Amino acid sequence: MTVETHKVVVVGGGITGLSAAYYLQKQAIEQGLEIEITLIEAAHRLGGKIQTLQKDGFVIERGPDSFVSRKNSIQQLARELGIENQLVQSAPGKTHVVVENRLYPIPTESVMGIPTNFASFFTSGTSSWFGKIRTLGDFVLPASTILDDQPLGRFLRRRFGNELVENLIEPLFSGVFAGDIDRLSLKATFPELLAIKQQHRSLIHGLKKKKVSDYRAFDTEKEGLFQTFEGGLETLVQALEKELEKCTILKGIKVEKIEQQRREIELTLNNETSITVDGVIFALPHAKLMPIFEPLGLLHGLKDMPSSSIATVSIVLPESVRAKKSDCTGFVVARNSDFTITACSAAHLKWPSLTPSGKAVYRSFIGRVGDEAVVELSDGEIVKAVLEDLQKLLDIQLILNSQWFPVGKKRCHNIWLVMMNA
């Protein structure tokens, strides 16, 4: 009996598309199915936002730098790909928050800024006494009767007041989701809160009793909560690409049009060719999906979905100009502070094995929802602003030069600079 062959295309060669193609191939093998898989990527490389620079012993990420180690999906994938032995655990450290231009340690045992250790919270300078007392309102306020989804910010402000939200919760959530908490979905970002709200009158009391360790991503003082690979996250991309050698991978090719042809689907490509398949998996950002589906009268709602542009600047410093505040492994910045940087990670402390001895690497982020214009500044202006912020916040003593080279892999006053718009 002839076995029917199914043709499937995965559009998008980022980590989502690569994973989709890998697991589709795996399932086909396990179930004895004949599936021809084609992966189409518009860029000339795979990995999407994952891009690792290795230079003179440094491992510098231009995009994401890690994943939460307590989520087992990537660890399981690493085992299957044979790269589990290359996993690296982040070091413990102390994360800070910048509130009204001052740097404070994040209270210990907080869950995305929600305090569960009151000794640490009440001795912290992150909130005024009025803000701390208002936070306690969570214990006496009646449980909300709204069970449907709602903006995360509105939900949290009602429980804790504006000050805790603006000083702690908002900068932490922005660091994770790069979105506006007053527009982010509660169910999509922190669904556990709805369940806790129904079981307990107080969210703080409920969080103390319930294990929500995945949201303690900034409470790293006792243990590191993240993992990467010895060669950076691009190790995972390369391993997936190697495993997909039986698939057809098209790089530098873009899907421009999709049409239904009876029981099949025809994709028109930008190289004046087309491909007919039985199924398509799209693994693309919503902005790139709209031009494909709008002519069909579909996905109009994607126009109302905002996105933000973020730039990263990694600066390597010699040991002689390391920050005096050496216990700060990273920080996020509240909106009430006057800084260009929105977050920063001391990569040499977070990943000491990935940084040459005697060097310090500060990986800074700029741009957030409502403040995207800053990423349009020139490279020199961005670098200068980042260095000025680091000087003020970490007490780093540098001599700034007004002449800057285009950002890339340039050496300037013993400072290496790498920047990429995401």
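Which residue's side chain meets that of Glu234 in a salt bridge? The partner is Arg45, with a distance of 3.9 Å from N to O, a salt bridge being a side-chain nitrogen of Lys or Arg within 4 Å of a carboxyl oxygen of Asp or Glu. The model shown in these views is predicted, so local features need pLDDT of at least 70 and side-chain atom pairs count only at pLDDT 80 or more, while totals for chains, interfaces and linings use all residues. Residues are numbered from 1 along each chain as its sequence is written, and side-chain values use heavy atoms, with hydrogens and water left out.

View A. Glu234 is buried at 15% relative accessibility and Arg45 is partly exposed at 25%, where buried means under 20% relative accessible area, exposed over 50%, and partly exposed in between (1.4 Å probe, protein chains only).

**View B. Lys251 forms a salt bridge with Glu241.** The closest N and O atoms of this pair are 2.8 Å apart. Lys251 is partly exposed at 35% relative accessibility, and Glu241 is partly exposed at 26%.

**View C. Leu156, Phe190 and Leu193 touch the most other members of the largest nonpolar core.** This core has 30 residues, a nonpolar core being a set of buried Ala, Val, Leu, Ile, Met, Phe, Trp, Tyr and Cys residues joined through side-chain atoms within 4.5 Å. Its largest share, six residues, comes from α6. Leaving aside neighbours within four places in sequence, Leu156 is in contact (heavy atoms within 4.5 Å) with residues including Ile114, Val165, Phe173 and Leu193.

**View D. Three strands form an open sheet in the order β5-β9-β6, with antiparallel pairing.** Two strands pair if DSSP finds at least two bridges between them. The edge strands, each pairing on one side only, are β5 (67-68) and β6 (87-89). Between β6 and strand β9 (residues 226-229) the antiparallel pairing runs over three bridges, and Val88 has Thr228 in β9 as its bridge partner.

Note on methods: Helix = DSSP H or I, 4+ residues; strand = E, 2+ residues; numbered from the N terminus.
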